[in-house]
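The sequence and the structure are shown first.

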Amino acid sequence: MSVQLGVQGVTLISQGTGYGMLIGLGVGFCGVILAAVKIQKAYLSEDSGTSEMFMVANRSVGRGLTASAVFSSWMWINETVFSAAFCYKFGLAVPFWWSTGLCFQIALMAALGVLAKIRVPFAHTSLEIIRMRYGWIGHVVFIILNITNNVFGCASMILTGSQLIYGISGMHFVAATILIPLGVVLYTAVGGLKATFLTDYLHTLVALILIIYFTLSTLTHEAVGGLGGLYDKIIATASENQISGNYNGSLLTMKSRDAIIWGLILKFGNLALVVMDTAFWQKSFATEVKATVPGYNLAAAAIFGIPWGLGTVIGLTARALHNTPIWPAYPEEFTMDKVNAGLVMPYVIQALIGERGIDAFLVLLFMALTSTVSSSMIAVSSILSFDVYKTYINPKASDKKLVHVSHLTVVFHAIFITAVSIGLNYGGADMTWIGYFRPILSCPGIIPLALTLCWSRQTRLAAILAPVLGFFTGLAIWLATAKTLYGAITMKTTEQSLPALFGAIGSFFSPAIYSVVISLYKPYSFDWRIFLVAETAEQARLKRADEKEARIAVNDSSSTDAQNADGVLESSPKRENTDPTSKEATSSKVQNITSDSSSTTSEKVNLDDVTHPFDDDTLRELRRWYRIAWWIFVGIVLVTFVLWPMPLYRDYIFTKTFFQSWTVVAIIWQFFAFFAVVVYPLYDGRHEISRGTRGVYHAGKRLLSRKS
Ligand SMILES: NC(N)=O
């Protein structure tokens, strides 16, 4: 997604309010999360002081929390602010295509996540899987693809947020860019992945309430007059709101050339943002066995409702009102620069709800931004600590050391991403261009990565070369299309949508061909049990390193050094927790792992002696979920790409009744999302919530009785 930088509209809130809210929300969130981490540690035996907890939340997260966390990390500002802005530009087809461009990737991740659980049950990052199968060259190639994807994605989101805050308050861009990640660093560094699951829940709760609030209060405002009123106004102002490329120039048609092209670009770009972001893999590693598929698919269904309802209502309302006195800065023209800077939604809110609404809008921005930034931080920190530090710098690192490095890398990444965002802004980056380049760079890794888990015959050479060749293929198609269609290769021609779309398609699909052809050159077949051997050896090594460190610590600490001794004692039982096979929460009964803990390489172990850490029932259940995940994925693609939109792609302008029904369904979907990712997680986590509450209650009582 791209944003036009440096565009300031009318000032909708004071800078002081902007600063107050960013700092206040940051501090408030940190406080809540630090308290939650303490409660979890004290009463739920969950301690983010182990790498297993820090990175994959002990693989014990349930369905509800998984759904809300995936939803929250995936709900960017784009789904609200830019869906509305692009609906303003191209009409009501955009919000629908936007929704369809968000959910199938999450459904795909559900299938890949379950397969990873079956084949690589102890994985921490997707890159680790690549390394185990293809060695360090493949590992490095995918580290680069993942990190660039993550950095471009995250930085462009921070830029978008800072631009919006600058656009409505005039707050200095750099201040906004620094303040957004600041609070996130603290709670992410301390709490790890489980903390982001919890903040994600809070973000989801607040964001969904605000999204529903904005949608309904816009529609019910007397200047809009409900769905019927909105429809009448759009019809009445049709001549001043002509959209070239749409059937009859109407905002109310699905036959919109630009909308469908935009929808397709979004699909490829978003696919890379999910599959090539190890955060979405980690979240699936963090789930308990039964939770991955329901959790991810609930999130996929819920997110469908966000851009659709809100984008349609806000985008069309802006079209209906932008030439009326109620519009901010009327009669000044509402230029395309302002639309591209994302000011459609804040202007509608200012016009209809006023300052209170703008404050709420800032809260929504904060929620959408920080939840994604925190998951990006965990992802990059895991890559740096696990895939880089532990693999290449200090292979003998103990678990404690790894957690320490993870904390540092969270801070490092926060500083880095802030610097990149500021640099892009001052360097005059063209965000549209970057937004189109990122999919071409990141898409080539998707199929080879998926094949690493799905296809035993993909060779090392294929996995390494296919993404590289795919990138150059996409690049060549991008540039050649720009030259063919527009006569030259310039910034201007390469940021047109068709070259970008064709480039992304080439980048995404061509690695499939390269992978198969190169794999056929020297066929081999990978034995999936090698993953189990490599992982088990690593688990055993970590355990030994930790025990050794604990012994040294015990020897070093004198008996009077109570604090240090405490730390050691505390960490010993935790080590047990880091073995995912011992989790009662995963409900997976465990068989003995037959790996020889002294072995470090698969060659030393007879593969026939290797047994899976999960018992047969658990494996059967996982395989069932795997099949279900593919069925859901195929169903979602079929319905959202073909069966639903295609019959509407014809010479048809929505009638009043059809428009009303369409939008009512979109709004009902928002409520469904609320139940799926806000209410259901409370029900699903009722036992933990009650245990935690009882613990805090008794602790409070003890404290009071001691004082009295
Ligand atoms: N969720 C995104 N990438 O808009």
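How many of the 44 residues of H6 are buried? Of these 44 residues, 35 are buried, so H6 is largely enclosed by the rest of the structure; buried means under 20% relative accessible area, exposed over 50%, and partly exposed in between (1.4 Å probe, protein chains only).

This is a predicted model, in which local features need pLDDT of at least 70 and side-chain atom pairs count only at pLDDT 80 or more, while totals for chains, interfaces and linings use all residues. Residues are numbered from 1 along each chain as its sequence is written, and side-chain values use heavy atoms, with hydrogens and water left out.

**Helix H6**

Helices are DSSP runs (H or I, at least four residues), numbered from the N terminus. Helix H6 covers residues 126-169 and spans only 40 Å between its end C-alpha atoms, whereas a straight helix of 44 residues would span 64 Å at 1.5 Å a residue (the expected span is 1.5 Å times one less than the number of residues). A kink of about 145 degrees is centred on Gly135 in H6; the bend at a residue is the angle between axes fitted to the seven residues ending there and the seven starting there. Just after H6, Gly170 adopts a positive phi of about 75 degrees.

**Salt bridges**

Seven salt bridges are found in a search of the whole structure, each defined as a side-chain nitrogen of Lys or Arg within 4 Å of a carboxyl oxygen of Asp or Glu. The table lists three of them.

| Pair | Closest N and O atoms |
|---|---|
| Asp232 and Lys656 | 3.1 Å |
| Lys338 and Glu332 | 3.5 Å |
| Asp527 and Arg529 | 2.7 Å |

Asp232 forms its salt bridge with Lys656. Asp232 belongs to helix H8 (residues 226-236) and Lys656 to helix H24 (residues 656-684), so the pair ties together parts that are 424 residues apart in sequence. Asp232 is partly exposed at 39% relative accessibility, and Lys656 is partly exposed at 32%. Asp527 is partly exposed at 24%, and Arg529 is partly exposed at 28%.

**Helices H14 and H15**

Helix H14 (residues 355-393) packs against helix H15 (residues 399-426) at an angle of about 130 degrees, their axes lying 8 Å apart. H14 is therefore oblique to H15; angles under 35 degrees count as roughly parallel, over 145 as roughly antiparallel, 65 to 115 as roughly perpendicular and the rest as oblique. Axes are lines fitted to C-alpha atoms, for helices over the stretch in contact, and angles run from 0 to 180 degrees between N-to-C directions. The crossing of H14 past H15 is right-handed, the near helix being turned clockwise from the far one by less than a right angle (left-handed if anticlockwise).

Technical notes. Helices (H or I, at least four residues) and strands (E, at least two) are DSSP runs, numbered from the N terminus.
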